[in-house]
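Please keep the sequence and the model in view while reading.

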Amino acid sequence: MKEEKIPYDKQIFVCTHDLKGEKPSCGDHQGAAIFKELRRVAKEKGLHPRIRVAQATCLGQCDSGTSIMVYPDDIWFKNVQLKDVDELIKKFFPE
Ligand code: FES
């Protein structure tokens, strides 16, 4: 095992887990679409992978709409909707 510093300035974990309606999940609330759009813009702006947008398969808050957690900012978003992506881009992707 080799210990290193985290190789990213920021990690934005977007839950894309989809339980297909069997139980509440972020898949019921466009989690995958939110992830894809954030990742697309991060790449377009040349920020990825320094600012890494990653998929998470369940963050343990499945009843809260789509969940996003951001390190090292120590921020949790719940009930994120596709219309919120522009605000997230302004907040986390520097010009
Ligand atoms: S399915 Fe997203 S937090 Fe569990």
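Does Arg50 count as buried or exposed? Arg50 counts as exposed, having 11 C-beta neighbours inside 10 Å. A residue is termed buried if 20 or more other C-beta atoms lie within 10 Å of its own, exposed if 12 or fewer, and partly exposed in between, with C-beta atoms placed from the backbone. The model is predicted, and local features need pLDDT of at least 70, side-chain atom pairs count only at pLDDT 80 or more, and totals for chains, interfaces and linings use all residues. Residues are numbered from 1 along each chain as its sequence is written.

**Surroundings of Arg50**

Arg50 lies in the loop between helix 1 and strand 2. Helices (H or I, at least four residues) and strands (E, at least two) are DSSP runs, numbered from the N terminus. Leaving aside neighbours within four places in sequence, Arg50 is in contact with Tyr8 and Asp9; contact requires C-beta atoms, placed from the backbone, within 7 Å. Arg50 and Phe35 are 15 residues apart in sequence, and their C-alpha atoms are 16 Å apart in space. The loop between helix 1 and strand 2 (51-56) also holds Pro49.

**Nonpolar core**

The largest nonpolar core has twelve residues: Ile12, Val14, Cys15, Cys26, Ile34, Phe35, Leu38, Ala42, Val53, Ile68, Val80 and Leu88. Such a core is a set of buried Ala, Val, Leu, Ile, Met, Phe, Trp, Tyr and Cys residues joined through C-beta atoms within 7 Å. At least two residues of this core come from each of strand 1 (10-15) and helix 1 (31-44), and helix 1 gives the largest share, four residues. In soluble globular proteins, nonpolar side chains tend to be buried together. Beyond four places in sequence, Ala42 is in contact with Leu47, His48, Ile51, Val53 and Phe93.

**Packing of the two helices**

The axes of helix 1 and helix 2 (residues 85-92) come within 10 Å and cross at roughly 40°. Axes here are lines fitted to C-alpha atoms, for helices over the stretch in contact, and angles run from 0 to 180 degrees between N-to-C directions. Helix 1 and helix 2 are therefore oblique to each other, since angles under 35 degrees count as roughly parallel, over 145 as roughly antiparallel, 65 to 115 as roughly perpendicular and the rest as oblique. From helix 1, Ile34, Glu37, Leu38 and Val41 meet Val85, Leu88 and Ile89 of helix 2. By class, this contact of helix 1 with helix 2 has six nonpolar residues, no polar and one charged; Ala, Val, Leu, Ile, Met, Phe, Trp, Tyr, Cys and Pro count as nonpolar, Asp, Glu, Lys and Arg as charged, and the others, Gly among them, as polar.

**Backbone features**

Most residues other than glycine have a negative phi, and most peptide bonds are trans. The table lists the exceptions considered here.

| Site | Feature | Value |
|---|---|---|
| His48 to Pro49 | cis peptide bond | omega near 10° |
| Tyr71 to Pro72 | cis peptide bond | omega near 5° |
| Lys20 | positive phi | about 55° |
| Asn79 | positive phi | about 55° |

Pro72 is in the loop between strand 3 (66-71) and strand 4 (75-80). Lys20 belongs to the loop between strand 1 and helix 1 and is exposed, with 8 other C-beta atoms within 10 Å. Asn79 is placed in strand 4 and counts as exposed, with 12 C-beta neighbours inside 10 Å.

Ser64, in the loop between strand 2 and strand 3, is in contact with Lys78 and Asn79 when neighbours within four places in sequence are left aside.

How values were computed:
Contact = placed C-beta atoms within 7 Å.
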